[in-house]
Amino acid sequence: MVVLANPALDSIPLVGSPKHGARFPGIPVVDLSRPGAGEAIVSACEELGFFKLVNHGIPVELMQRLEAEAVKFFSLPQVEKDKSGPANPFGYGDKRIGVNGDVGWLEYLLFVATSDPLSCTSMTACSFRSALSEYLVAVRKMASDVLRSMAEGLKIEPRDALSKLAMDEHSDGIFRLNHYPPCPPLQGLNRSLTGFGEHTDPQIISILRSNDSSGLQISPEDGSWVSVPPDQASFFINVGDSLQVLTNGRFRSVRHRVAANGVKPRVSMIYFFGPPPAQRIAPLPQLMGEGEQSKYKEFTWGEYKKAAYRSRLGDNRLVQFEK
Ligand SMILES: C=C1C[C@]23C[C@@]1(O)CC[C@H]2[C@@]12CC[C@H](O)[C@@](C)(C(=O)O1)[C@H]2[C@@H]3C(=O)O
Ligand SMILES: O=C(O)CCC(=O)C(=O)O
Ligand SMILES: [Fe+2]
C-alpha cells in the first residue's frame, strides 16, 4: 500500500515504467484478410499470447458509436451511475475490482454478453442498447473467424474445434467497458497509478478495443513489461488461461495490466469468450503428440471460474490445476 497526498488514492498501488530487454521485436500484427493469418495467429499465441488484429472487417464507426455511448454513461452524475452498481460481479463498479480487495484507477460496467446485457444496470437508453448489441454481434462473428483461423494454423480438424466452445448457446461470454480517468500527478514519483492490476484472463480469448489513449502493458516474460501502442481501429487479442490448457501449454496466457494515463482518459471495451460452464477444459486430443500427457488436472469451466472468482487479481490461477 502506498501513501499519497490524496487520501482517495491511498490504497491504489503504483506501477513503474515498463522495461524490457532490447530483444523484444514488437507486438505481432495479424492481417485477418490474408491467407497466412492462421499461421501468424499461432506463432503470436505461442511466443507472446497476444497480437494486434487488422483488416478484421468491423467498421471503426461501430466501435466509436459504442465508445461515445460509454463516455455518455461515465459522464453521468455519480448518483446516477451508482444506480447500476455495485458490481456483484455484474453492473457498475468504481475502483473496486472483483470482491477480494483489488482496486484500480478506473470505473467500469461489466455484464453478461448474451441474452439481455443491460438487465443488470439501470440503463434504458435505446442508443446504448442498439450500439452495444450491434457491436457484440460483430465481435462474436469476428471471434469465430479468428478461432477458425487459429484451428487452421494449428492444422486441427474439425475447424470449429475451438470456435464452437466460445460460440455455443450456453457459452459464458462477458463484456466489460472500462473508463480510466486521467490520473492526478504523483508529486515527483516516476510511477503511475495502477489502472487495472496485472493478471491473466481466465477465459479462452479476450478481444479488446480501446480509444487512442495508452496504458495497456503486457509481460513478454516474467518481470518485464512492454507498452502496447493504442490503435483505435484495431483489436488486441489475448490468450486466456483456458486456451493455454486446451493447447497443453503451447499457447501462453499473457499477463497484462493497465497504467493510468496522466493526460488522456482511456476507454476500453473487452469481450471475454468463455466456454459453457459444464465444458471440460483439457488439452485437445488433436494437439497431443504420441504419448504426450496433459500438464493439467481435469476441470470444467464452471469449476475454474468459481476458483478464479475466489482469487485475487494478480494470482496465478492455473497453478492449482497443474499436475
Ligand atoms: C479479482 C477478480 C476480478 C475478476 C475476478 C477476480 O476474482 C479474478 C479474475 C478477474 C477477471 C480478470 C479478467 C476479466 O476482467 C474478469 C471479468 C474476469 O473474468 O476475471 C475479471 C473479474 C472481475 O472483474 O469480476
Ligand atoms: O482496460 C484495458 O485495457 C484492459 C483491462 C483488462 O485487462 C480486463 O478488464 O481484464
Ligand atoms: Fe484482462
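1. Strands E6 (172–180), E7 (192–199), E12 (255–259) and E13 (266–274) each supply at least two residues of the shell around ligand 2; strands are DSSP runs of at least two residues, helices (H or I) of at least four, numbered from the N terminus. E13 gives the most to this shell, with 4 residues. The model is predicted, so that local features need pLDDT of at least 70 and side-chain atom pairs pLDDT 80 or more, while totals for chains, interfaces and linings use all residues. Residues are numbered from 1 along each chain as its sequence is written, chains are lettered from A and ligands numbered from 1 in the order written, and side-chain values use heavy atoms, without hydrogens and water.

2. In total, 13 residues surround ligand 2, the closest being Asn-178, Tyr-180, His-256, Arg-266 and Ser-268; a residue counts as near if one of its heavy atoms lies within 4 Å of the molecule. By class the shell comprises 6 nonpolar, 4 polar and 3 charged residues, where Ala, Val, Leu, Ile, Met, Phe, Trp, Tyr, Cys and Pro are nonpolar, Asp, Glu, Lys and Arg charged, and the others, Gly among them, polar.

3. A side-chain N or O atom of Tyr-180 is 2.6 Å from an oxygen atom of ligand 2. For Ser-268, the distance from a side-chain N or O atom to an oxygen atom of this ligand is 2.6 Å, and a polar side-chain atom of Arg-266 also lies 2.6 Å from a ligand 2 oxygen atom. The protein covers 97% of the 290 Å² of accessible area that ligand 2 has on its own (Shrake-Rupley method, 1.4 Å probe).

4. Around ligand 1 there are 17 residues, with Arg-176, Gln-203, Ala-308, Tyr-309 and Ser-311 the closest. Strand E5 (102–112), E7 and helix H7 (301–309) each supply at least two residues of this shell. Its classes are 8 nonpolar, 5 polar and 4 charged.

5. Arg-176 places a polar side-chain atom 2.9 Å from an oxygen atom of ligand 1. Backbone N or O atoms lie 3.2 Å from a ligand 1 oxygen atom in Ala-308 and 3.0 Å from one in Ser-311. Taken alone, ligand 1 exposes 470 Å², of which the protein buries 99%.

6. Lys-155, which follows H4, has a positive phi near 60°.

Conventions
A polar contact is a pair of N or O atoms within 3.5 Å; within protein, one must be able to donate a hydrogen and the other to accept it, and residues adjacent in sequence count only if both atoms are side-chain atoms.
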